[in-house]
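I opened my notebook to look at how the parts of this structure meet. Come along; here is what I looked up, entry by entry.

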Amino acid sequence: MSILFDGLSLGAIYALIALGYTMVYGIAKMLNFAHGDIIMVGAYSVFVVMQRAKSPTDAFLNVACGLLLSLFICTLFGVVMEKLAYKPLRGVTPIAVLITAIGVSYLLQSLAQIFFGAKPHSVSLPTLGTVTVAGAKVSLSSIVTLVVGAVIMALLTWFVSKTTTGRAMQAVSEDRGAAQMMGINVNKIISVTFAIGSALAAFAGLFYLLQIPTAEPTLGSMPGIKAFTAAVIGGIGSIPGAMIGGVLLGVIEKICLSIPVIAPYTTAVEFSLLIIILLVRPIGILGKKRREKV
Amino acid sequence: MTVSDVVLKTEHLGISFGGLKAVEDVNLEVKKQQLYGLVGPNGAGKTTIFNMITGVYTPTTGKIFLEGEPLVGHTQEQINHMGVARTFQNIRLFNNMSVIRNVLVGLHYDERFKCSMIESMLRLPRHAHSEAAMRERAKEILRIFDLEDERNNLACNLPYGKQRKLEIARALATNPKLLLLDEPAAGMNPQETADLMTIVKRIRDEFGLTVLLIEHDMKFVSGLCDELTVLNFGTVLVQGDTDKCLNDPEVIKAYIGTTQEG
């Protein structure tokens, strides 16, 4: 039972990150490999606030401030990154954009090293303890992650399906040229997409710290890769796909970790799952077939 | 005829791709509420002219004016906001979106439904009100095209003729002054073509639209257009009254060809 909760909450973290990958892919048609490092930026933002905070009595207020700063910094980084690194490359071969994204990823990691050093910093977040759900002890942080994650994803789904901006995002993802001809400012929509993806990554960064309370420059790599895997499993470009893929991967990871024989091979199991799913269904669980235009 | 009655005007419009002059020295003058046809054999440069008017291509020479405002140099979305909407030769709907959602995208920038992103997130009642108004408007537009009952179907599941109509409906939703139709009757059966002619006339009257259209169906062209420009190899062959143009020996030669003599 507690494994399931832990798995679901880890899954919620992966899903939040995967959403950033999948939305940017769907709308800007590029893989933003620096997305994982936005989590790291968020984690350091929280770290800075927690370190400066002098009154430990107001631990939750401090966390809230950390989250706010993190949301601001991550969104800023996401938007600026797109403007400076990717926008000038609009319309060139995808491989150039991909390499640029990897470059941005290393740039962010190096910046973190310059400002905070390569040494991991422990982030003193308040401990939340455990509660008993249906006879099993479940950590409260898992539940918070799960609930907040679910709320964010519900809001995002509402936003994309029911608002003008959401519709414009979908239109750009379907046919950029036709969307432009309908008066949609594609550059603005891409900026909004990066902003939303990065804000989700800020949440993911905080939740990740609740699980592993250390900030280090390469913190974003592994969850980034795993969330990317989740996005591909779910069908890259599909928002519900990213959510399903993330949760699936999180639950599988926690189940594997709980079985001593399999635990050391957890990562191998996860990536094997990716390979199997791609062999059986190359477009992912909810991916859409690209129909060739006549 | 005063200047203000001219909706679209091009002066010495031309574009070259590499060494190839795709369009050369095209002068158009389309008046308010006119149904104006652009005809000519394949490769004559008709769609290229549409692409220049809508900002997809930047002309190498010449100017384009919409009600006196220069269009060249503006982005595609700005040109749309200025009042130009179009359909595409190969239908480009948002395929995985419902019929009504396609039209809702077109209503995106309509001032009447303006509701900023922050507003829609924070002031839900206003958002709901604006959404409801937009849906009502979208349904009205779909009704003109007899597509209201299809509104919840995916665009890609519509039959071809209805997809063409939906594309016009979506363009109309952006509230244009000038509507560019790129082969609107292509692939339609005679009944659908006849219906479309009625619809085009109707929206011209109801919305005060000016329509510039490319079409190969001569029955459609002669039944609808007041004036034509016939293009061949990127240059203007004949311009003027529809009947006069279609009976011009040069036009018949360009379309059907002549036997080699001598």
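**Entry 1: two domains in chain B**

I began with two distances and bounds. The C-alpha centres of domain 1 and domain 2 of chain B lie 27 Å apart. Domain 1 of chain B covers 1–83 + 176–262, and domain 2 of chain B covers 95–174; such bounds come from an automatic or database domain assignment.

Before going further, I noted the ground rules: this is a predicted model, where local features need pLDDT of at least 70, side-chain atom pairs count only at pLDDT 80 or more, and totals for chains, interfaces and linings use all residues. Residues are numbered from 1 along each chain as its sequence is written, chains are lettered from A and ligands numbered from 1 in the order in which they are written, and side-chain values use heavy atoms, with hydrogens and water left out.

I looked up the contact between the two domains of chain B (contact means heavy atoms within 4.5 Å). Domain 1 of chain B brings 19 residues to it and domain 2 of chain B brings twelve residues. Together they bury about 1,400 Å², with 72% of that on carbon and sulfur atoms. Buried area here is the accessible area (1.4 Å probe) that two parts lose on being put together, summed over both.

A salt bridge is a side-chain nitrogen of Lys or Arg within 4 Å of a carboxyl oxygen of Asp or Glu. Polar contacts do turn up: two residue pairs, both at pLDDT 80 or more, cross the domain interface. For a polar contact, a pair of N or O atoms must lie within 3.5 Å; within protein, one must be able to donate a hydrogen and the other to accept it, and residues adjacent in sequence count only if both atoms are side-chain atoms.

On the domain 1 side, helix H2 (76–82), strand S7 (178–182) and helix H7 (190–207) of chain B are the elements that give two or more residues. H7(B) gives the most, with seven residues. I noted that helices (H or I, at least four residues) and strands (E, at least two) are DSSP runs, numbered from the N terminus. This side of domain 1 of chain B divides into eleven nonpolar, three polar and five charged residues. In this sorting, Ala, Val, Leu, Ile, Met, Phe, Trp, Tyr, Cys and Pro count as nonpolar, Asp, Glu, Lys and Arg as charged, and the others, Gly among them, as polar.

**Entry 2: chain A against chain B**

Next I turned to the two chains. Chain A gives 29 residues to the contact and chain B gives 31 residues. The area buried between them is about 2,700 Å², and carbon and sulfur atoms give 57% of it. Arg167(A), Met181(A) and Met182(A) supply 30% of the area that chain A buries against chain B, more than any other three residues.

How many salt bridges cross the interface of chain A and chain B? I counted two. Glu131(B) and Arg167(A) meet in a salt bridge at 2.8 Å, N to O. The interface of chain A and chain B also has eleven residue pairs in polar contact, both residues at pLDDT 80 or more.

Helices H5 (140–162), H6 (164–174), H7 (176–181) and H8 (186–211) of chain A each supply at least two residues of the side that touches chain B. H6(A) gives the most, with eight residues.

**Entry 3: salt bridges within the chains**

The structure holds 18 salt bridges over all chains. In chain A, Glu82(A) pairs with Arg90(A), with the closest N and O atoms 2.2 Å apart. Glu82(A) is buried at 1% relative accessible area, while Arg90(A) is partly exposed at 27%. (Buried means under 20% relative accessible area, exposed over 50%, partly exposed in between, with a 1.4 Å probe and protein chains only.) Glu82(A), Lys83(A) and Arg90(A) are linked in a network of salt bridges.

Asp182(B) lies in strand S7 and Arg86(B) in strand S6 (residues 84–86) of chain B, so the pair ties together parts that are 96 residues apart in sequence.
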